[in-house]
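Hi everyone, thanks for coming. Let me put the structure up on the screen, and then we'll walk through it together.

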Amino acid sequence: MIGVLPDWAGPVAHYMIHDGLKETLRIAAFAVVGSTAVGILLGTLMTIRFWPSRALIRLYVEVFRGLPIIVTLFLVYYALPGAPLIHHRFAAFTGAAIGLTLWGSAQVAEATRGAVQSIPREQHEAAAALGFGWIGRHRSVILPQALRRLLPPLVSLLANVIQNTTIASLIGVTELLATGQRSVERLQFTSPESHAFAIYGAIMAGFFLISFPLTRLAIFLERRMV
Amino acid sequence: MSLLASIDWHFIREHLPDFWQGLKNTLKVAGIGIAGSLAIGILLGAARAHRIPVISQLAAAYVEVIRNTPILVQIFFIAYGLPELPWHPIHLTQFTQAWLSVMIWGGAFNTENFRAGFEAVPARFREAARALGFGQVATFVNVTLPIGGRIALPSSINTYISVLKNTSLLTAIGYVELTSTGYNLESETFKATEIFIVLGIAYLAVVWTLSALIRLVEARLALPERGR
């Protein structure tokens, strides 16, 4: 397949796939695992009727759902190192993974809260009657059922996280979009054409090929559940 | 506490006019993008809901492409890809690139919002209008649009909020809105904490106001028989 490409495209495609795409998927993996873990924990805790913890988690969710992701990334990457007690500069990759996790976990927390609250009261009561404590009740009875309802939003989150990793290029992570941008800049100097149209078009096509099956899967899972 | 004490309040006061100018540019480009995505949403949403041949399929393809590709790549494609279009390069001013990219994105999501809204209007309402002698267009304008538009309103306001948040990505093409104002100021002054806290507060103020509007609108415009 590489054979049909024009001369300039071979090395560019190699660079973008081996460096860029790999980095994109690496950030996405960290962010999805982090968002799911933090989000399910916070979403479950939000169902406890204790207003201080509820208010705190609600604030977390509203802040990170409300901020544009790029502002969250700038806060983590540029502003946090200046904050007292922290004084630590993250690598761009870490900053991006943390920033995307803050945003993603807020989405997951909200979805988890809804899923946990959609489990009928009787399930809580039956588990309590069997002698389960709060943790055992949630781990063995409530969350396994809530997780089934959570699956479609988690699949859409995966698609969204993969798309939003492109924002990491703005704090200097060399993911897929950044490698494309560098290729365009290099071609501008070394050849008569920058091929920006083909390169950015190819990046769109690449994301579409990854994202479209995931959004279809999310719709399929949602329909099957109803 | 030590965080509050370490903040340079004088710096923030001094640069408030810059932030205000950036916010105005953000609101300007978001306003145009939102108005355009409303028009696209109603037109293509109607074409999708009424299954108008060709237009409906093209609209479906448009929606899938926009929803399954990152908006930042769409912005790059419009700003840097289109001028390099072989045979027929398209050069747009930076301002046009800015509103066009957020409008195309919002239009795709709004097409889905309005399609769902229009499809939720019971067929008997349209049949009643036709029985009263309304034509197809008159039925849409007088029955489907007011009722379906109300049903679509909360989800479409959510899309408008996202359009506004997405304008922050115009930083990447150098359009001077709120985020790039902060970013440029940071590279001159290194006051990252102050600048990005101001930015965060400004965005949350606008986004939370719009979210509150959704709840208000939901309560006021709820159709009597779908009331909660």
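Let's start in helix 8 of chain A, whose buried residues are A:Ala196, A:Phe197, A:Ala198, A:Ile199, A:Tyr200, A:Ile203, A:Met204, A:Phe207 and A:Ser211. By buried I mean that 20 or more other C-beta atoms, placed from the backbone, lie within 10 Å of the residue's own. Helices here are DSSP runs of H or I with at least four residues, strands are runs of E with at least two, and both are numbered from the N terminus.

A word on what you're looking at: this is a predicted model, where local features need pLDDT of at least 70 and side-chain atom pairs count only at pLDDT 80 or more, while totals for chains, interfaces and linings use all residues. Residues are numbered from 1 along each chain as its sequence is written, and chains are lettered from A and ligands numbered from 1 in the order in which they are written.

So what do those buried residues of helix 8 of chain A pack against? Their partners are helix 1 (9–45), helix 6 and helix 7 of chain A, together with helix 4 (71–81) of chain B.

Helix 8 of chain A also has a kink of about 25° at A:Ser211, shortly before the proline A:Pro213. That bend is the angle between axes fitted to the seven residues ending there and the seven starting there.

Now the interface. Here 33 residues of chain A are in contact with 35 residues of chain B, contact being C-beta atoms, placed from the backbone, within 7 Å. On the chain A side, helix 2 (51–66), helix 3 (69–79), helix 6 (134–164), helix 7 (176–190) and helix 8 (196–225) each supply at least two residues. Helix 8 of chain A gives the largest share, eleven residues.

Stepping back, chain A has eight helices and zero strands, and chain B has nine helices and zero strands. Buried residues make up 42% of the 226 residues in chain A and 41% of the 228 residues in chain B. The C-alpha atoms of chain A fill a box of roughly 75 × 50 × 25 Å along the principal axes; for chain B, the C-alpha trace spans about 70 × 55 × 25 Å.

Finally, confidence. Chain A has a mean pLDDT of 91, with 96% of its residues at 70 or more; pLDDT is the predictor's confidence in each residue, from 0 to 100. Where pLDDT is low, the predicted coordinates should not be read in detail.

Definitions and conventions: Contact = placed C-beta atoms within 7 Å. Buried ≥ 20, exposed ≤ 12 C-beta atoms within 10 Å, placed from the backbone.
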